[in-house]
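Please look over the points below with the structure open.

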Amino acid sequence: MGRELAEGPAAVERTLANVAAMQPGLHAVISRSDRVVLVGTGASLAMARTAAPSWRRRLAKPVVVRQSTESVLSEADGYRFEPGDLVVAISQAGGSPETLAALRLARSSGAAAIAVTAHPGSALGSEASLILHVASDEESGAATKSELATLAGLLAAVGELDCDAGSRQALKKALAALVAAWADAAAAGSELAAARRLWFVGFGTSLGIAEAGALLWHEKVIRPAAALTPSEFRHGPIEAAGAGDAVVLVDVDPANPRRAAYLARLAGELAQLGVALVEIQVEPRGSAVAALLRVQQLARAAALSAGTYRDEFAVLRRVVNAAGDLFD
């Protein structure tokens, strides 16, 4: 995981270069759609949810996020794929059976499709109208650099990140500086490793990053964590919070005085309860990609501090089996 984190800035820069090269075709297929549907599962779903607010702000059309399996299993989430949809199917390896099945269902409904994957030659890539190549190369275990590069690619696709050569290099440099500031993450990670219970909270874009953090916490720190909005936390789960617990607050969306006041109130309430608060503060300020990298660093630091770090999965390889045979 340490090597993948170190390689993340370069993977982001290469992915942005790929987006720059495909911009005319990308803009054309997006402009022809009536609605955009971002589809994924696991870390890919978290990146879809992180990018969705930017897509909604940038596009004058509906943008929906769907969990791959729900969209296939009797349309459990209540949505249907429509002929005017553009489905953006996200899978690092390009072999997720759930996401592949969702993409095939969408195509059979007449939807166009973009595959966002590190493996253009994968089954997912072969089913798509267009491929956004995530330049993260091979990655084993929990997604970190692929997750980072995927988010950068999704944001650049709608102009939330500039992908000209100068902007790419500037972001790569800023992310590399964050990687080098490992001591900051190590200190906070050690504190979080000792927490009795942990919540990741954030609104909008930040909620997707919170979900990515909680997922990585389960996979690497091997301890439970919950991701939810600050308001969801304040209306229920806060009853279970107390001294020895911790909250990780992510806030990367454009500044909003009401949100700032709301989060300040939450901070005061946590102080009264003796709950530790760790705020994700990164440069460039407001950068979702940088905030995600810091959350990834916290997970690695906490896992090392707790002595739970491992490179590969245990349950996901031994007990949880791929569901490809269920979607044939």
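1. W217 has a relative accessibility of 2% and therefore counts as buried, buried meaning under 20% relative accessible area, exposed over 50% and partly exposed in between, with a 1.4 Å probe and protein chains only. F200, at 0%, is likewise buried.

2. This is a predicted model, in which local features need pLDDT of at least 70 and side-chain atom pairs count only at pLDDT 80 or more, while totals for chains, interfaces and linings use all residues. Residues are numbered from 1 along each chain as its sequence is written, and side-chain values use heavy atoms, with hydrogens and water left out.

3. The count of aromatic pairs comes to 3, where rings of Phe, Tyr and Trp (its six-membered ring) pair if their centres lie within 6.5 Å, and planes under 30 degrees apart are stacked, over 60 edge-to-face and the rest tilted. One of them joins F200 and W217 edge-to-face, at 5.5 Å centre to centre and 70° between the planes. Because F200 lies in strand β6 and W217 in helix α9, this pair ties together parts 17 residues apart in sequence.

4. F203 and Y262 also form an edge-to-face pair, with 5.8 Å between centres and 65° between planes. F203 belongs to the loop between β6 and α9 and Y262 to helix α11, so the parts tied together are 59 residues apart in sequence. F203 is partly exposed at 24%, and Y262 is partly exposed at 25%.

Terms used: Helices (H or I, at least four residues) and strands (E, at least two) are DSSP runs, numbered from the N terminus.
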